[in-house]
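Biologist: I'm new to this one, could you walk me through it? I'll ask things as they come up.
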Amino acid sequence: MRETALLLIDVQKGLDDPSLGKRNNPDVEANIALLLSKWRDHALPVVHVRHCSVKPHSPLRPELPGNAFKPEAAPLPGEREFTKTTHSAFVATGLEDYFRARGISSLVIAGLTTDHCVSASARMAADLGFKVTLVSDATAAFGRRGYDGRLYSGDEIHRVNLVSLDGEFCTVRSTQEVLGEIASLPGAR
């Protein structure tokens, strides 16, 4: 698994803003923390991506407190951080070059939100030739009103996005499935 990086996308305080509505998966941060802890225990590569919004009213603007990482996913010294202004973590960030230079060919992706930056990054990673695993319970989505006037729950949006991605752009797995793979590594604790 040395060629596999944990890619954490937009695990930022601003995504707790009540104006975003009701989010599914209240355990997303705990699952991200579990993945991150095990990745660190095995000295596997971890990359953090921070969204620095250019939209005037976004809680993720660089000058606002919401731009900060949530404590459960804060980078440690030596863990690489990339910033982005678009949905995909690969657009104008140098992320692809970083992975290629280190022989990283597989990504395990977790973060926020399933239907936006996580999906855009997973799709682009696959198109760039990376093997992608998306952790179903280490991602989440917010409910919202659709073009048809219907209110779609965060859980509906989350699940439909996972279904759309699985088998085409990635393999969808649970936190426990990914942790099981790490537990099988030599010297696992």
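Biologist: Where does T113 sit?
Modeller: T113 is in the loop between β4 and α3, where helices (H or I, at least four residues) and strands (E, at least two) are DSSP runs numbered from the N terminus. A cis peptide bond joins L112 and T113, with omega at about -15 degrees. This is a predicted model, in which local features need pLDDT of at least 70 and side-chain atom pairs count only at pLDDT 80 or more, while totals for chains, interfaces and linings use all residues. Residues are numbered from 1 along each chain as its sequence is written, and side-chain values use heavy atoms, with hydrogens and water left out.

Biologist: Which residues other than glycine have a positive phi?
Modeller: D10 has a positive phi of about 55 degrees, and phi of A92 is near 55 degrees too. As background, most residues other than glycine have a negative phi, and most peptide bonds are trans.

Biologist: Are D10 and A92 buried or exposed?
Modeller: D10, found in the loop between β1 and α1 (28-41), is buried with a relative accessible area of 2%. A92, in the loop between β3 (80-84) and α2, is exposed at 82%. Here buried means under 20% relative accessible area, exposed means over 50%, and partly exposed lies in between, using a 1.4 Å probe and protein chains only.

Biologist: Changing topic, what does β5 pair with?
Modeller: β4 and β5 pair in the parallel sense over 6 bridges, and S106 stands opposite K131 in β5; strands pair if DSSP finds at least two bridges between them. The chain crosses from β4 through α3 to β5 in a right-handed β-α-β crossover, meaning that, with the strands pointing away from the viewer, the path from the first strand over the helix to the second runs clockwise. β5 also pairs with strand β8 (residues 171-173) in the parallel sense, over 3 bridges.

Biologist: And how covered is β5?
Modeller: β5 is mostly covered, with 8 of its 10 residues buried.

Biologist: What is T171 in contact with?
Modeller: Leaving aside neighbours within four places in sequence, T171 is in contact with V132, T133, L134 and D166, contact being heavy atoms within 4.5 Å. T171 is the bridge partner of T133, and T171 is partly exposed, with a relative accessible area of 41%.

Biologist: What about the nonpolar core, which residues have the most contacts inside it?
Modeller: The largest nonpolar core has 25 residues, and those with the most contacts inside it are L7, L95, F99, L107 and I109. Such a core is a set of buried Ala, Val, Leu, Ile, Met, Phe, Trp, Tyr and Cys residues joined through side-chain atoms within 4.5 Å. The largest share of this core, 4 residues, comes from α3. Apart from it lies another core of 23 residues, among them L6, V11, L36 and L112.

Biologist: How many aromatic pairs are there?
Modeller: The count is 5 aromatic pairs, where rings of Phe, Tyr and Trp (its six-membered ring) pair if their centres lie within 6.5 Å, with planes under 30 degrees apart stacked, over 60 edge-to-face and the rest tilted. The rings of F90 and F99 have centres 6.4 Å apart and planes at 55 degrees, so the pair is tilted. Both F90 and F99 are buried, and F82, F90, Y98, F99 and F130 form one aromatic cluster.
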